[in-house]
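Open the model in your viewer and keep the selection tool at hand.

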Amino acid sequence: MDEQKIFRISFFPHIRDKASTSRIMLDVIIALLPAAAFGVYNFGWRALLLILICTATCMLSELLWDVCMRRRIMLRDMSAVVTGLILALNLPPTLDWWAAVIGSVFAIVVVKMLFGGLGQNFMNPAVAAKCFLMISFAGRMNTFVFQNVASATPLEVLKAGGNVDLLQMFLGNTSGAIGETSALALLIGAVYLFIRRIIDFRIPLFYILTVVVYISIYSMITRGGIDGTFLAAHLLSGGLLLGAFYMATDYVTSPVSPSGRIIYAVILGLLTCTFRLFGSAAGSVAYAILIGNLLAPLIEKVTRRKTFGKGAHLK
Amino acid sequence: MAVLTFKGGVHPASNKKLTSSLPAEELIPKGDLTFPLFLHHGLHAKPVVKGGECVSAGTLIAKADGYVSSNVHSSIAGIVKYVDFDSIVIENIGDVNEEPRQVVRPYTELSKKEILDLIREAGIVGMGGEEGYPTHIKLSPEDPGKIKYIIVNGCECEPYITCNNRRLVEEPAKIVEGLKIVLRLFDNAKGLIAIQDDKKPAVIKIKNFTAKEPDIHVKMLYSKYPQGSERQLIYALTKKEINSRMNPADAGCLVLNVETIYAIRTAVVEGRPLISRMVTVAGDAVKRPGNFIVRLGTNIRELIEAAGGFKREPEKVLIGGPMTGEALVDLDRPVTKDTNAVIAFLHDPVVRVHQTNCIHCGRCIEVCPARLIPTKLADYSALGMVDMFRENDGRECIECGSCSYICPAKRSLAEVIVMMKQMIIDEL
């Protein structure tokens with residue numbers, strides 16, 4: 001044994017949990033794969049192309065930014081892939097490739113990197129980019145083609161007072177954005193996220209519950225009773241499930257306290273339903289989440305837990 | 001049997017199986033012994049021997065100086081090599097027999113003051129990791145009548161460490177006797193023996209000896225880290241929260257480590273000072289992990305040799321557990337009164353991670369036993385925002401390291417928080 005050997009020293013703790021940022025991001029990517037795969041199956045090669053364009057553009061713009069700004073290159077954390085993938089799943093499959101590129105660059109450069117990169121942004125990059133595209137290219141973002149025929153999304157059909165096929169909506173054989181049509185695929189991914197303990201059940205649960213209550217009250221007032229089909233169609237349609245499980249749960253832009261998460265989710269539910277029922281059907285979830293993101297720091301502030309032993313007095 | 005706990009905490013791999021069922025072995029030191037004269041808290045002890053003097057095992061070599069200070073005894077016969085400000089070194093002549101003690105009366109006949117005196121004379125301090133506070137002071141609160149619970153801390157929530165478990169399994173009668181001695185000091189107190197539910201054999205053993213004791217109860221605690229932290233343990237048992245400005249006595253509790261209770265019993269029943277303790281030697285670099293009954297002052301190198309030496313040169317060696325232990329530069333350190341474990345790792349996982357941005361996942365907040373916001377406190381510390389640090393109760397950090405352990409961005413949260421905390425405490 002070498003007598004002069006000097007061991008490594010560091011501050012405690014000397015062991016660390018296995019979880020890492022890149023592993024968490026990988027888990028989110030894995031969870032999104034069923035929805036992405038179904039989107040490609042449903043909408044064909046254009047969907048695949050958009051997914052590839054968005055992820056590649058997101059990664060490339062982050063890389064270029066880091067190189068230009070002489071920052072440490074952090075592509076390894078895979079957060080750019082998650083942003084690109086979520087953005088792509090939110091786009092209509094017929095969107096022009098250049099619009100997808102603009103959206104991706106906006107997400108990474110304007111929303112994420114300008115504010116300091118991963119963890120520093122106050123809005124979810126993918127959600128902000130979707131809203132940006134909705135406003136900039138309203139026509140292109142609202143053109144949905146399904147099985148080579150321009151067709152309305154189930155939400156638009158509902159709004160117009162038409163009938164929808166719930167089973168097809170659950171499976172995903174409908175018109176809509178690439179990743180939002182199949183409730184089944186989204187739920188499979190969500191189960192994976194719960195098993196891997198990546199997301200807290202509170203945000204999706206209370207978000208969806210709020211929507212259920214809101215829609216029920218709305219249909220009681222306007223239709224004189226709870227309409228099960230109407231309710232179920234609202235839950236299965238549009239970006240609600242995609243938003244509730246994958247976008248609203250974004251760590252960076254949601255509150256951390258358990259009670260804060262519930263308040264945040266309820267606000268998202270109220271906003272989503274208000275936009276859907278009284279405004280335009282398209283993009284309600286994204287707009288709701290964006291506003292929720294802005295409120296998150298405030299919610300966090302007012303829901304701060306009491307420190308252990310605080311207020312305890314000598315007896 | 002109800003399993004008690006607190007909110008928060010982490011579940012690191014316990015790695016206790018390697019050593020928890022092996023009987024402790026006695027280690028007779030061969031080399032020189034070093035006795036530090038300082039404690040984590042309080043004043044240096046004053047040497048009462050000079051270089052060249054002969055001492056035997058149990059001879060008082062340094063006397064408590066002031067109130068918060070503690071006696072030091074030689075743990076072996078030998079010649080005093082030298083005495084300096086910090087320590088006394090004794091050349092080992094290989095005689096382990098203790099100097100004869102005066103006959104002690106049964107503890108049931110002793111007055112409270114006599115019991116406390118025996119504990120003070122024996123130089124007993126808190127023997128859990130990083131404690132070292134003189135026990136006779138802990139046992140002399142302002143109003144002993146207000147103490148409701150004497151808690152024996154047998155949680156041992158740190159991974160790898162099993163020395164408390166072995167004491168409970170090997171000497172259950174003596175632990176119960178030690179607790180009965182302490183209970184004599186407090187008229188209104190009940191004894192609680194707190195053991196984590198990963199030590200069921202210890203619970204069963206100890207229960208055999210407490211069945212006929214109406215004032216002693218065995219409590220099972222949920223196995224997680226930091227269950228053995230004083231404030232969290234008191235909360236789990238009594239649902240009372242105490243903060244950094246309070247003592248356990250304010251909640252009517254006194255918490256004593258298993259090993260401390262054992263030392264109290266040895267001092268009061270056998271009249272012997274604190275000169276040895278049980279130490280766990282473990283970690284993947286150690287050939288033959290186990291528990292050893294070690295004379296205080298024994299060099300850690302000898303302890304490692306007793307455990308079969310290293311398989312390969314380790315990257316990191318710790319005194320204490322992996323969650324809060326201290327990393328050693330080399331092995332040239334003595335076993336002290338609060339050394340509960342020596343752990344050697346072939347690979348140091350900490351140097352291999354690099355810190356990245358906080359992703360706001362909230363895991364540190366979820367696990368913080370003090371219900372703080374570690375990520376924010378770490379930011380305030382790094383930016384030198386003392387007022388914000390105070391406002392957000394940074395002082396209440398219990399320094400358990402759970403936040404750094406769980407952080408997926410691998411930030412050294414505990415490190416910066418503890419540094420800031422020490423700074424503002426030093427200012428006061």
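This is a predicted model, in which local features need pLDDT of at least 70 and side-chain atom pairs count only at pLDDT 80 or more, while totals for chains, interfaces and linings use all residues. Residues are numbered from 1 along each chain as its sequence is written, and chains are lettered from A and ligands numbered from 1 in the order in which they are written.

Begin by selecting chain A, which has 14 helices and 2 strands; helices (H or I, at least four residues) and strands (E, at least two) are DSSP runs, numbered from the N terminus. Along the principal axes, the C-alpha atoms of chain A fill a box of roughly 80 × 60 × 35 Å. Of the 315 residues in chain A, 50% are buried, where buried means that 20 or more other C-beta atoms lie within 10 Å of the residue's own, exposed means 12 or fewer, and partly exposed lies in between, with C-beta atoms placed from the backbone.

Next, select Pro255(A), in the loop between helix H12 (240–247) and helix H13 (258–278) of chain A. Is Pro255(A) buried or exposed? Pro255(A) is buried, because 26 other C-beta atoms lie within 10 Å. Not counting residues up to four places away in sequence, Pro255(A) touches Gly260(A), Arg261(A), Tyr264(A), Ala296(A), Ile299(A), Glu300(A) and Thr303(A); two residues are in contact if their C-beta atoms, placed from the backbone, lie within 7 Å.

Now show both chains, and you will find 37 residues of chain A in contact with 52 residues of chain B. The side of chain A that touches chain B has 18 nonpolar, 9 polar and 10 charged residues; Ala, Val, Leu, Ile, Met, Phe, Trp, Tyr, Cys and Pro count as nonpolar, Asp, Glu, Lys and Arg as charged, and the others, Gly among them, as polar.

Move on to chain B and select helix H11 (residues 374–383), which is mostly covered, with 7 of its 10 residues buried. The buried residues of H11(B) include Leu377(B) and Tyr380(B), and what covers the buried residues of H11(B) includes helices H10 (363–367), H12 (386–391), H13 (402–406) and H14 (413–427) of chain B.
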